[in-house]
Amino acid sequence: MAARPHAPRRASPTNEPLWVRWALILAGLVFMALFLVLPLLAVFSEALRQGIGAYVQSLQSPDALSAIRLTLLVAAIAVPLNVVFGIAASWAIAKFEFKGKAFLITLIDLPFSVSPVISGLVYVLLFGTGSVLGPWLKSYGIEILFAVPGIVLATIFVTFPFVARELIPLMQDQGTGDEEAALSLGASGWQTFWRVTLPNIKWGLLYGVLLCNARAMGEFGAVAVVSGKIRGQTTTMPLQVEMFYNEYQGTAAFALASLLALLALVTLVLKSALEWRFGDELAATGRGH
Amino acid sequence: MKGFGRFRQPSVIPGFGLTLGFTITYFSLIILVPITALVLRSTGLGWNGFWAAALDPRVLASLRTSFLTALIAAGINVVFGTLIAWVLVRYRFPGRRIFDAMVDLPFALPTAVAGIALTAIYAPNGFVGQWVAPLGLRIAYTPIGITIAMIFIGLPFVVRTIQPILEEASKEVEEASATLGASRLQTISRVLLPSLTPAILTGFALAFARAVGEYGSVIFIAGNIPFVSEIAPLLIVIRLEEFNYAGAAVIATVMLAISFLMLFVINLIQAWSRRRYGYGS
């Protein structure tokens, strides 16, 4: 983003009058304060309503701790899998010309246009009672639904496009010149990837991982459908927030929610830092999601 | 033309089979097979059964609530999202970078957290709710509450689609317009706004699509009263809890069909804008 000089104070034909400018700025900021800042503040103020002691105590309850552990576990499985997929997909799409490429790119974005509830529902129908797969797997002692594997699958579904959609445009912009040079100098395919391609895309990859992780840890709808909400076993942090909330344990709900809000803030800070510092090496700069 | 008629053009770079094979296998296992299972299950009811489930009054009411509130929210987001994008790109003021970063908050904040926070604010005893309650206005547990949650989650889609286009718009065009005697308002409405239209439409469609499917941030504030404030994704969950899997699959299939239509429309807008304005967001 190129720094633009400060707008001149005197009237100019391509600038709005000063009062219009400030009125627009004020309107925009009030809207953002009301819809974005206020909810964030509400999380922390509700969490600390009964004092810092109650806050810390509620975070140490067994339910809260097991939810934190499960959320970390799910993200630790789902994010790396989607990273491998994202790199593979962007390699195939950006480095080669083949038929149906545009269609494949559209398909990868598909999970973004599916309701989270449906993302969970598809696995209930695939593995639930009345399906073919569920009872068959169960006969081997493998539980998918209302267990950790189902939660992981639903999380992978909703976070599927994040890494790929950041890397594809980035690698398309970078072309194949560097790789061809490395190969012609005698590097193997894997050497080319590790020593040439990966360093080229590392900031974009980190950016994608950041967004993927935020969604993986925060996903609610898809996970709610497949988890069965078994206390202490299949409740991730967002599900435990809901559980506390519905049981009128306000402090506990908002305390756990405040951890997720902190995660969101850290994600935003790191994301902005990446955009600010390595903007040239990202595809998503200035673009949403 | 080299490679014509072949599936892929020749290249010295290795790994095509491996990476494309993995991509397609992984996509099929995670996305394609489960979605097919969904569609198959909903067709298992037969033609008449499908439509009986889809046209059930409660299902229709929930679809109407979802689509109507999403439409209003996306409309409000277009107005304020365009304004915010304009302010962030064109003006310099203290705290601009922080507000710019804050726009992405709804992408980063888990929806359940947003849901309980918005409910705490707009409930009759909440920070905002207590001021509107004496006026006889209820926000939480009504469709207004649903709309507010949808505004929250849709805002970044509009801002982030318009922002890059505004940044790239050259000032020369506006200068030319001013030189030719147009007033500032004329320049904005006749020169600037038309070139932003595809981005605004895309942002609207993205915000709308997201709002229709939204679950986590809505269910806490919605009140979830059947026929009044019950959204379609919640009705899917209710059908599942009743073990009416086919009923859930039917609602999901209807929603999926509409989302695909939306996706198609978004692609059309972008193809049109690439032809007309040379960009596609």
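Let's start with helix α3 of chain B and helix α8, residues 143–168 of chain B, which pack at an angle of about 40° with their axes 6 Å apart. That angle makes α3(B) oblique to α8(B). The two cross in a right-handed sense. If you sort the residues of this contact by class, you get 20 nonpolar, 8 polar and 1 charged. Before I go on, please keep in mind that everything here comes from a predicted model.

Let's stay with α3(B) and look at another partner. Helix α3 covers residues 57–90 of chain B, and it also packs against helix α10, residues 184–213 of chain B. What is the angle between α3(B) and α10(B), and how far apart are their axes? The angle is about 140°, and the axes are 8 Å apart. The crossing of α3(B) past α10(B) is right-handed.

If you have the structure open, here is what to select.

Helix α1, residues 16–43, packs against helix α13, residues 245–277, at an angle of about 115°, and the axes are 8 Å apart. Perpendicular runs from 65 to 115 degrees in this scheme, and α1(B) and α13(B) are therefore roughly perpendicular to each other. What is the hand of the crossing of α1(B) and α13(B)? For this pair, the crossing is left-handed.

Which residues of α1(B) meet α13(B)? They are B:Leu38, B:Val39, B:Arg41 and B:Ser42. Facing them from α13(B) are B:Tyr245, B:Ala246, B:Ala249, B:Val250, B:Ala252 and B:Thr253. Counted by class, the contact of α1(B) with α13(B) comes to 7 nonpolar, 2 polar and 1 charged residues.

Let's zoom out to chain B as a whole. How many helices and strands does chain B have? There are 13 helices and 0 strands. Read along the sequence, the pattern is simply α-α-α-α-α-α-α-α-α-α-α-α-α. Along the principal axes, the C-alpha atoms of chain B fill a box of roughly 70 × 65 × 35 Å.

A word on the annotations. The unreviewed UniProt entry puts "domain: ABC transmembrane type-1" on residues 63–267 of chain B. In the model, residues 63–267 of chain B are 78% helix and 0% strand, and the end C-alpha atoms of this span lie 24 Å apart. UniProt, again in an unreviewed entry, also lists the feature "transmembrane region" at several places in chain B, including residues 191–212 and residues 218–238. In the model, residues 191–212 of chain B are 100% helix and 0% strand, with 32 Å between the end C-alpha atoms. Residues 218–238 of chain B, on the other hand, come out at 57% helix and 0% strand, and their end C-alpha atoms are 15 Å apart.

Next, chain A. Chain A has 13 helices and 0 strands. The C-alpha trace of chain A spans about 60 × 60 × 30 Å along its principal axes. The domain assignment gives chain A a domain 1 at 16–47 and a domain 2 at 51–281. The centres of these two domains, taken over C-alpha atoms, are separated by 30 Å. Their contact takes 5 residues from domain 1 of chain A and 8 residues from domain 2 of chain A. On the domain 1 side, the residues divide into 4 nonpolar, no polar and 1 charged.

Finally, how do the two chains meet? In the contact, 82 residues of chain B face 82 residues of chain A. Which helix gives the largest share of the chain B side? That is α1(B), with 14 residues, the helix we saw packing against α13(B). By class, the chain B side divides into 60 nonpolar, 12 polar and 10 charged residues.

Definitions and conventions
Residues are numbered from 1 along each chain as its sequence is written. Chains are lettered from A and ligands numbered from 1 in the order in which they are written. This is a predicted model: local features need pLDDT of at least 70, side-chain atom pairs count only at pLDDT 80 or more; totals for chains, interfaces and linings use all residues. Axes are lines fitted to C-alpha atoms, for helices over the stretch in contact, and angles run from 0 to 180 degrees between N-to-C directions. Helices (H or I, at least four residues) and strands (E, at least two) are DSSP runs, numbered from the N terminus. Angles under 35 degrees count as roughly parallel, over 145 as roughly antiparallel, 65 to 115 as roughly perpendicular and the rest as oblique. A crossing is left-handed if the near helix is turned anticlockwise from the far one by less than a right angle, and right-handed if clockwise. Two residues are in contact if their C-beta atoms, placed from the backbone, lie within 7 Å. Ala, Val, Leu, Ile, Met, Phe, Trp, Tyr, Cys and Pro count as nonpolar, Asp, Glu, Lys and Arg as charged, and the others, Gly among them, as polar. Domain bounds come from an automatic or database domain assignment. UniProt positions are given in the numbering used here, feature names are shortened, and annotations may be inferred rather than shown by experiment.
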